[in-house]
Amino acid sequence: MTSVNPVPNVALSDGNSIPQIGFGVWQVPDDECFTAVTSALTIGYRSIDTAAIYGNEVGTGRAIAAAGVPRDELFVTTKLWNSADRPWTRDRVLAEFDTSLDRLGLDYVDLYLIHWPRPMREDYRTIWQAFTELQADGRARSIGVSNFQPAQLRTIIADTGVAPVINQIEVHPDFAQAELRAVHKELGIVTEAWSPLGQGRGLLDDPTLTRIALERDRTAAQVVLRWHLQIGNVAIPKSVTPHRIRQNLEIFDFELDAAEIEAIEALDAANRLGGDPATFDVG
């Protein structure tokens with residue numbers, strides 16, 4: 001295994017740590033996931049992010065098993081798809097976790113996330129209680145959430161005394177989420193960015209980003225990922241193309257200056273691409 005660049009770790013509030021750049025497998029079919037994750041691990045990624053709803057935990061697990069990377073050098077994340085088909089109980093949460101663990105072929109995961117808050121149903125409170133049990137028995141080394149808003153974050157902390165170590169949310173220069181990131185900082189929660197490159201919907205063609213990229217002799221994607229690092233985010237870019245997988249990791253040998261950071265911050269147009277956590281109800 002040859003690593004392009006050493007990836008720094010970000011400390012989590014429970015004493016664990018996560019690589020600041022990981023490899024996401026959203027929308028990667030299971031039969032392609034083995035090849036994509038194998039490429040990422042070979043290049044030097046050590047954090048892999050999947051989810052039950054992605055349908056590729058099996059392929060992800062096969063790649064991890066075949067890679068030959070010591071388990072304690074990997075950081076594996078998966079997520080509970082808290083669907084609305086029936087009420088969520090403690091036993092259902094534990095059973096869903098066991099199913100994910102079996103598909104991955106692992107004895108534990110490094111991070112387990114609630115995929116959506118579904119605040120209109122409040123099941124997230126019962127789910128979070130069960131998550132604390134999973135962490136206590138060591139099968140989920142760290143526990144966190146995804147797409148949660150301040151009210152839900154404060155509720156689960158008040159309920160259990162346990163804060164999520166991470167909130168994985170949509171963040172990119174066009175949707176910077178400064179207010180929510182400030183709440184994360186207040187509560188000791190790490191911000192992890194999904195769709196950190198804006199889902200390929202034109203962000204990387206923005207003139208500001210292309211100008212900075214040209215001046216830096218970098219790609220626009222590398223500039224955006226460097227921005228994430230410098231404002232303190234963890235990011236999980238996704239690609240199935242080996243040279244892009246490699247490029248996304250080649251961001252540790254340059255820094256953006258203050259003027260460049262300010263120019264990127266000015267791109268924020270509150271342009272949400274994914275579902276609104278306040279109203280999105282998992283099907």
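## Packing of helices 5 and 6

Helix 5 (residues 150-160) packs against helix 6 (residues 178-187) at an angle of about 15 degrees, and their axes lie 10 Å apart. The model described here is a predicted one. Angles under 35 degrees count as roughly parallel, and helix 5 and helix 6 are therefore roughly parallel to each other. The crossing of helix 5 past helix 6 is right-handed.

On the side of helix 5, the contact is made by Pro150, Leu153, Arg154 and Ile157. Helix 6 contributes Leu180, Val183, His184, Glu186 and Leu187. Sorted by class, the contact of helix 5 with helix 6 comprises six nonpolar residues, one polar residue and two charged residues.

## Helix 3 and its surroundings

Helix 3 consists of 15 residues (90-104). From its first C-alpha to its last, helix 3 reaches 21 Å, close to the 21 Å expected at 1.5 Å a residue. Just after helix 3, Gly105 adopts a positive phi of about 70 degrees.

Which residues of helix 3 are buried? They are Arg92, Val93, Leu94, Phe97, Ser100, Leu101 and Leu104. Among the elements that cover these buried residues are helix 2 (57-67) and helix 4 (123-136). The cover also includes strand 5 (75-80), strand 6 (109-114) and strand 7 (140-146).

## Gln230 in helix 8

Gln230 belongs to helix 8 (residues 220-230). With a relative accessible area of 29%, Gln230 is partly exposed.

Leaving aside residues up to four places away in sequence, Gln230 touches Glu255, Leu256 and Ile261. Gln230 and Leu256 are 26 residues apart in sequence, and their C-alpha atoms are 7.9 Å apart in space.

How values were computed: Residues are numbered from 1 along each chain as its sequence is written. This is a predicted model: local features need pLDDT of at least 70, side-chain atom pairs count only at pLDDT 80 or more; totals for chains, interfaces and linings use all residues. Side-chain values use heavy atoms; hydrogens and water are left out. Helices (H or I, at least four residues) and strands (E, at least two) are DSSP runs, numbered from the N terminus. The expected span of a helix is 1.5 Å times one less than its number of residues. Buried means under 20% relative accessible area, exposed over 50%, partly exposed in between (1.4 Å probe, protein chains only). Contact means heavy atoms within 4.5 Å. Axes are lines fitted to C-alpha atoms, for helices over the stretch in contact, and angles run from 0 to 180 degrees between N-to-C directions. Angles under 35 degrees count as roughly parallel, over 145 as roughly antiparallel, 65 to 115 as roughly perpendicular and the rest as oblique. A crossing is left-handed if the near helix is turned anticlockwise from the far one by less than a right angle, and right-handed if clockwise. Ala, Val, Leu, Ile, Met, Phe, Trp, Tyr, Cys and Pro count as nonpolar, Asp, Glu, Lys and Arg as charged, and the others, Gly among them, as polar.
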